Amino acid sequence: MNNIIKLCEILGLSSSFIDKMGDLHNTSFNVRKKFLQSIGINDFSSKNINSLIHKLEHQIFVNKCKNVVSFFKSDIKEFDIYIPFDYMENTLNYTCFKDGLKLFSHKIFIKKDMQTEYIIVDNIKIAHIKIILKMPKEFGYYDLSFSIKDLVFSSFIIYSPDTAYLPDCIEKKKEKLLGIAIQLYAISSSNNMGVGDFSDLKNIMKLASENNIDFVGINPLGVMYYQSKDDVSPYRVFSREFINYLYIDLKKVYEFKFINIPISIQKKINTLKICDKVDYFNILTIKLSLLFKMYNVFIKNKNSNRFIKFQNFKKDKGENLYNLCLFETLIEKNNPDWQKWQKDFKNLKSKKILNFANENKKRIDFYAYCHWIAETQLKNVYDFAKKLNMKVGLYLDMPVGAASNGVEVWQNQELFAKNMDIGTPPDTIRPKGQTWGLVPMIPYKLIENKYKFIINLFRKNMLYAGAIRIDHALGLMRLFWVNDDNKGAYVYYDFKTMIAILSIESHLNKCLIIGEDLGNVPDGFREILASHHILSNKILFRQKDHDGEFLSTKKYPYLSLSQVSTHDQATSCGFWVGEDIHTNFKCKLFPKISQYNDNLKLRQNERIAFYKALNKSNCFYNNKQHIMKFIDGAVPPYNIEYSFNMYGAKTNSALFIIRIEDMVRQIAMENVPGTIYQYPNWKIKLPRDIKLILKKNSHFIRKILYYRNMK
């Protein structure tokens with residue numbers, strides 16, 4: 001048992017954790033066993049476990065150095081090497097490469113007095129030596145090749161600025177910015193086909209700018225399974241790298257004017273437009289059928305500038321785009337879950353896959369066309385926001401993990417744990433805990449991969465973003481792995497390396513980073529984020545002092561984004577009436593009726609506490625007596641949503657964001673975590689055209705801006 005504990009700890013599995021209620025949980029043998037099985041270890045004999053421990057503990061001596069090393073600008077560039085003692089008193093040569101191109105070479109004479117210690121490994125005396133590396137002029141990713149006598153070894157170096165990117169309006173001027181948060185799919189407009197699209201988003205950017213709003217935040221835009229009817233979460237998608245063609249405005253595509261839309265299809269579109277919920281299946285089915293007609297027009301003119309741009313797009317996006325389009329073609333003719341495919345189709349390099357690809361070249365190319373159009377329209381929105389001189393502009397969102405049935409896992413199976421889910425331990429709000437249908441990455445496999453998967457993912461998600469929210473940013477440090485028994489433990493990652501990559505990519509893309517740091521937060525985590533200029537995510541309804549009172553607006557750290565609530569929580573009106581609690585109860589998320597009643601009592605205390613907070617900060621939009629009439633939470637007081645947002649606007653946070661749902665006094669939840677079929681997650685549409693919503697709330701926005709600018 002002790003050797004299994006040791007092996008698990010070496011591989012990053014915690015031996016215990018403390019939950020949000022302060023209770024200690026020790027990691028069971030069964031959890032350890034399933035963790036090891038998930039990363040491919042099935043032989044639990046002492047001989048095999050000890051052999052694995054020996055291999056892992058001695059890997060650095062075999063490699064002569066760490067495979068990946070991260071440095072911040074202010075770090076001492078101290079690098080550890082492990083060479084046989086007999087190799088001392090010789091010259092160590094190293095060469096720095098970037099993308100295969102040689103940048104420089106350097107030499108260090110290794111003297112015997114440079115060793116800090118020596119270790120006996122397999123009867124060989126190994127010297128541990130620390131050298132100071134010469135660093136490249138620019139931040140980025142580098143390969144170092146070392147040689148001393150006949151020994152040759154290498155390391156991947158991540159060289160990062162000390163902090164992530166901040167725009168001047170925050171870093172130098174210390175301004176307080178205002179944004180609005182919108183679920184793009186929920187937008188109602190005369191323009192779209194029953195789901196918000198990129199033209200709607202462009203119009204919103206214009207309207208926001210006219211109202212002196214600095215940024216617009218939207219849901220993740222990753223690629224969804226087009227045949228899905230219920231599991232439509234934008235946080236559980238096939239690909240986080242490419243853009244969902246659901247949001248294409250077909251009328252803005254050049255080829256659209258050359259196709260005919262049958263009357264029967266137009267009638268369906270008209271019906272979809274007036275539905276109060278998004279019908280993903282029918283909208284995507286219609287859009288793809290029309291896009292295919294447009295594609296057939298497109299490929300007839302292979303000498304056009306548009307066709308050349310399309311070819312360049314495919315070349316630039318490379319293998320990942322091709323694999324996605326191949327995957328989308330495969331799921332049209334197979335089970336939507338690739339893990340249930342026959343063996344040969346699970347293997348990307350199999351002969352059957354190659355034959356399938358040859359037989360379906362046109363369909364694969366069609367999906368590439370769809371992704372090209374989607375990315376082109378998103379880029380157009382991003383560029384438009386820049387022309388409007390919005391201080392941040394487009395604020396995007398990156399999910400924490402890869403969907404188990406998605407292309408990310410299919411084409412990178414060696415990087416992901418099998419039969420494991422990402423989630424959270426139980427807490428008072430969700431006593432059953434949570435599982436998200438997302439597959440965790442294996443820490444040591446990331447190192448073997450030189451973090452190329454993560455680098456690419458961060459880069460692609462920042463490409464068209466003035467700011468990006470890292471969903472469940474705790475995953476930069478640790479993730480709660482849950483097995484099929486719904487039991488779990490935390491697995492740790494190289495936090496420094498993750499922060500270093502984020503910082504590099506944020507500067508390359510001039511993208512502000514917000515880390516969603518909600519949940520069971522480890523000690524010191526937020527302080528580390530702040531020291532690297534990654535903004536904390538502060539939710540008013542969760543910010544309380546030790547005495548249970550809501551946090552004073554003056555106590556919010558400047559490097560944070562504050563908001564009344566998020567898409568996973570109740571709106572302002574919903575919070576007041578306990579809609580989240582009632583909905584969780586209806587969805588059977590409380591194992592005991594007593595837990596439901598306890599949460600209702602807590603909410604009554606929270607209403608009273610927030611009334612006091614509003615009173616102290618003078619944030620009543622109405623008179624205070626009006627609110628007291630409804631303190632029991634039976635109905636939301638008139639304009640209570642304005643009062644909550646005025647309080648948020650007064651916080652010291654650099655960014656404050658208003659949920660568009662608060663502008664229509666929405667009570668219903670957008671999403672109930674832990675449910676799929678029990679609730680219409682990610683489907684509820686706004687009741688009015690977005691133009692009318694913003695016009696009606698123009699006075700409220702001006703009031704919020706006044707509170708934002710108060711000294």
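## Notes on the predicted model

1. Let's start with Trp682, found in the loop between strand S24 (655-659) and helix H22 (690-696). Helices (H or I, at least four residues) and strands (E, at least two) are DSSP runs here, numbered from the N terminus. Trp682 has a positive phi of about 60° despite not being a glycine. For background, most residues other than glycine have a negative phi. Trp682 has 3% relative accessibility, so it counts as buried; buried means under 20% relative accessible area, exposed over 50%, and partly exposed in between, using a 1.4 Å probe and protein chains only.

2. A quick word on ground rules: this is a predicted model, where local features need pLDDT of at least 70 and side-chain atom pairs count only at pLDDT 80 or more, while totals for chains, interfaces and linings use all residues. Residues are numbered from 1 along each chain as its sequence is written, and side-chain values use heavy atoms, with hydrogens and water left out.

3. Asn618 is another non-glycine residue with a positive phi, at about 55°. Look for Asn618 in the loop between helix H19 (593-617) and helix H20 (624-628). Is Asn618 buried or exposed? Its relative accessibility is 56%, so Asn618 counts as exposed.

4. Next, helix H18 (residues 579-586) packs against H19 at an angle of about 175°, with the axes 10 Å apart. Axes are lines fitted to C-alpha atoms, for helices over the stretch in contact, and angles run from 0 to 180 degrees between N-to-C directions. That makes H18 roughly antiparallel to H19 (under 35 degrees is roughly parallel, over 145 roughly antiparallel, 65 to 115 roughly perpendicular, and the rest oblique). On the H18 side, Asp580, Ile581, His582 and Phe585 make the contact; H19 brings Ile593, Tyr596, Asn599, Leu600 and Arg603. Contact means heavy atoms within 4.5 Å.

5. Now the sheet with strand order S4-S8-S7: three strands, open, with antiparallel pairing. Two strands pair if DSSP finds at least two bridges between them. Strand S4 (78-84) and strand S7 (115-121) are the edges, each with a single partner strand, so one side of each has no neighbour in the sheet. From one strand to the next, the twist averages 25°. S4 pairs with strand S8 (residues 124-132) over seven bridges, in the antiparallel sense, and Asp80 stands opposite Lys130 in S8. Helix H3 (residues 46-63) lies across S4, S7 and S8, and runs at about 115° to S7.

6. Which of its residues lie on each side? Ala467 and Arg469 are on one side, Ile468 and Ile470 on the other, and all are buried, leaving both faces of S18 covered. In a regular strand the side chains alternate between the two faces of the sheet. S18 pairs in the parallel sense with strand S13 (residues 393-398) over four bridges, where Asp397 has Arg469 as its bridge partner. S18 also runs parallel to strand S21 (residues 512-515), joined by four bridges; there, Ala467 stands opposite Leu512.

7. Last, there's an open sheet of four strands in the order S16-S15-S19-S20, with antiparallel pairing. Strand S16 (434-435) and strand S20 (488-492) are the edge strands, each pairing on one side only. Strand S19 (residues 478-482) and S20 pair in the antiparallel sense over five bridges, and Val482 stands opposite Gly488 in S20.
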